[in-house]
Amino acid sequence: MRVVIQDNYEKMSKWAADYIAAKIKAHNASGVKRPFVLGLPTGSSPIGVYKELVKKYEAGELSFKNVVTFNMDEYLGLPREHDQSYWYFMHDNFFDHVDVLAENINILNGMTNDPEGECRRYEEKIASYGGIDLFMGGIGVDGHLAFNEPYTSLSSRTGVRDLTTDTRIVNSRFFGNDMEKVPRQALSVGIGTVTDAKEVLVLISGHNKARALAATVEGGVSQKWTCSALQLHNAAIIACDEAACGELTVDTYKYFLDIEKKERI
Ligand code: GLP
């Protein structure tokens with residue numbers, strides 16, 4: 001696992017956007033016919049990355065024409081037009097501002113009448129592209145990756161998830177601070193779906209994520225902290241800021257600063 005520690009949220013976002021851009025460009029330059037398959041999250045953590053990627057597109061440095069996207073999760077029961085649906089979030093923050101093709105955007109349908117079928121088809125569609133090249137993610141304060149709350153199997157696949165009261169309280173800030181307005185369930189890729197990706201890049205920012213970062217990096221692999229499954233991944237990167245490092249041991253913190261000193265993308 002790599003842990004890339006940046007001074008603050010802005011620098012973390014810029015680092016992650018540079019990383020993603022470099023991967024897309026390298027893929028296109030390699031002459032491979034298949035598109036680059038990118039997994040994407042919602043939440044406040046990736047907003048800075050989306051801004052940076054939009055800037056690169058606007059500057060003519062980067063195109064998403066050859067990119068297929070799969071989002072991590074979606075609330076069950078929220079229509080696309082709801083301003084807190086993840087469909088809405090993704091279009092508002094990213095898709096509407098770049099040249100990604102509408103037919104290449106994949107987001108679980110939170111209004112489906114057949115949630116199990118929807119999730120099965122999502123997995124099949126990912127497989128039809130040969131899997132995900134790079135899955136970007138964020139984590140919740142309890143370490144949930146996508147909507148895989150504590151004690152979700154570390155080999156889980158895309159499916160229906162019950163949200164914990166804690167997560168609904170945390171997410172109520174987007175629903176007028178009214179927890180009752182936060183859906184109780186979501187559709188989400190599984191931990192196994194994320195760790196099947198060739199590379200995983202998780203953004204962890206702010207003091208409130210410090211325990212989760214420590215559990216991800218230093219704790220044992222445990223379904224209590226579903227993000228800890230990343231320890232078993234062959235190419236996982238955590239991009240974080242100083243504020244999120246507060247619960248790391250000094251040794252771990254110094255180790256990653258030292259090993260990442262020579263910037264490598
Ligand atoms: C939600 C999403 C997660 C996201 C998490 C953290 O629960 N389902 O995918 O990682 O929020 O959000 P934030 O980045 O706003 O802290």
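Let's start with a helix pair: helix 2 (residues 47-58) and helix 3 (residues 86-93) pack at an angle of about 40°, their axes 10 Å apart. That makes helix 2 oblique to helix 3, since angles under 35 degrees count as roughly parallel, over 145 as roughly antiparallel, 65 to 115 as roughly perpendicular and the rest as oblique. The axes are lines fitted to C-alpha atoms, for helices over the stretch in contact, and angles run from 0 to 180 degrees between N-to-C directions. Helices (H or I, at least four residues) and strands (E, at least two) are DSSP runs, numbered from the N terminus.

Some ground rules: this is a predicted model, where local features need pLDDT of at least 70, side-chain atom pairs count only at pLDDT 80 or more, and totals for chains, interfaces and linings use all residues. Residues are numbered from 1 along each chain as its sequence is written, and side-chain values use heavy atoms, leaving out hydrogens and water.

**Around helix 2**

Who makes the contact (heavy atoms within 4.5 Å)? Helix 2 brings I47, Y50 and V54, while helix 3 brings F89, M90 and N93. By class, that is five nonpolar residues, one polar and no charged. Helix 2 itself has 12 residues and reaches 16 Å from its first C-alpha to its last, close to the 16 Å expected at 1.5 Å a residue. Its buried residues (under 20% relative accessible area; exposed is over 50%, partly exposed in between, with a 1.4 Å probe and protein chains only) are G48, V49, Y50, E52, L53, V54 and K56. These pack against helix 1 (9-29), strand 2 (36-40), helix 3, strand 6 (134-138) and strand 9. Just after helix 2, G60 takes a positive phi of about 80°.

**The cores and helix 7**

A nonpolar core here is a set of buried Ala, Val, Leu, Ile, Met, Phe, Trp, Tyr and Cys residues joined through side-chain atoms within 4.5 Å. The largest one has 40 residues, and L145, V202, I204, L213, I238 and C240 touch the most other members. Elements giving two or more residues to this core include strand 1 (2-6), strand 9 (199-204), helix 7 (210-217) and strand 10 (236-241). Helix 7 gives the most to this core, with five residues. Apart from it lies another core, of 33 residues, among them Y50, L62, F94 and A239.

Seven of the eight residues of helix 7 are buried, so this helix is largely enclosed by the rest of the structure. Its buried residues pack against strand 1, strand 9, strand 10 and helix 8 (250-259). One of them, L213, contacts I204, I238, C240, A244, C245 and L248, leaving aside neighbours within four places in sequence.

F135 sits in strand 6 and is buried, with a relative accessible area of 0%. F135 and V200 are 65 residues apart in sequence, yet 4.7 Å apart in space, C-alpha to C-alpha. Beyond four places in sequence, F135 touches a list of residues including G39, F70, V189, T193 and V200.

Technical notes
Contact = heavy atoms within 4.5 Å. Nonpolar A, V, L, I, M, F, W, Y, C, P; charged D, E, K, R; others polar. Expected span 1.5 Å × (residues − 1).
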